[in-house]
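Here are my notes on the model, as numbered points. Please read them beside the coordinates.

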Amino acid sequence: MIFRIKQKHEAGFKLWLEKLGYTKKDLADGSSTFTGKGTRKTLSYVFLKNDLTGNAACQVLFDEYEEHLDNPDYLDVKVA
């Protein structure tokens, strides 16, 4: 199954990534990249294509974003 973000969540997800400290770069084709310093290496580069599909990091972070929407006051702390 192909991972795809719904159109109604696009702007909120991008804003949420920026609030988490990711640096956004808009590409000429309408896609976006987000880079994060101090994040886990697997989540340091997020690629969101113009058709609202993304890489593995995008999928993981979008799942967290959806959990945030369901429980905005919930804080999940994981100890390494």
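What does the accessible surface of the protein chain come to, and what percentage belongs to carbon and sulfur atoms?

1. Surface. The accessible surface of the protein chain comes to about 5,900 Å². Carbon and sulfur atoms hold 52% of that surface. Areas follow the Shrake-Rupley method with a 1.4 Å probe, and for residues only the protein chains shown count as cover.

2. Ground rules. The model is predicted: local features need pLDDT of at least 70, side-chain atom pairs count only at pLDDT 80 or more, and totals for chains, interfaces and linings use all residues. Residues are numbered from 1 along each chain as its sequence is written, and side-chain values use heavy atoms, with hydrogens and water left out.

3. Fold. The protein chain has two helices and three strands. Their order from the N terminus is α-β-β-β-α. Both kinds of element are DSSP runs numbered from the N terminus (helices: H or I, at least four residues; strands: E, at least two).

4. Of the 80 residues in the protein chain, 30% count as buried. The classes are buried (under 20% relative accessible area), exposed (over 50%) and partly exposed in between, with a 1.4 Å probe and protein chains only. Among contacts with a separation of 6 or more, 36% join residues 24 or more positions apart. A contact means heavy atoms within 4.5 Å.

5. Salt bridges. The whole structure holds two. The criterion is a side-chain nitrogen of Lys or Arg within 4 Å of a carboxyl oxygen of Asp or Glu. Lys-14 and Glu-10 form one of them, at 3.1 Å from N to O. They sit about one helical turn apart, because they are four residues apart in helix H1. Lys-24 bridges to Asp-26, with the closest N and O atoms 3.7 Å apart. Here Lys-24 is partly exposed because its relative accessibility is 32%. Asp-26 has 52%, so it counts as exposed.

6. Glu-10. This residue lies in helix H1 (residues 10-19). Beyond residues up to four places away in sequence, Glu-10 touches Ile-5 and Leu-52. Glu-10 and Phe-62 are 52 residues apart in sequence, and their C-alpha atoms are 10.0 Å apart.

7. Leu-52. Why does Leu-52 count as buried? Its relative accessible area is 7%, so it falls in that class. Leu-52 sits in the loop between strand E3 (45-48) and H2. Check its backbone: phi is positive, about 70°, although Leu-52 is not a glycine.

8. His-9. The residue belongs to the segment before H1. At 17% relative accessibility, His-9 is buried. Which residues does His-9 contact, leaving aside neighbours within four places in sequence? They are Phe-62, Tyr-65 and Leu-69.

9. Negative patch. Asp-63, Glu-64, Glu-66, Glu-67 and Asp-70 gather in a patch of negative charge on the surface. Patch members have over 30% relative accessible area and no salt bridge; like charges are joined within 9 Å, nonpolar side chains (Val, Leu, Ile, Met, Phe, Trp, Tyr) within 5 Å. Lys and Arg count as positive, Asp and Glu as negative; His and the chain ends are not counted. Charges are placed at NZ of Lys, CZ of Arg, CG of Asp or CD of Glu. Glu-64 is in helix H2 (residues 56-70). Its relative accessibility is 38%, so Glu-64 is partly exposed.
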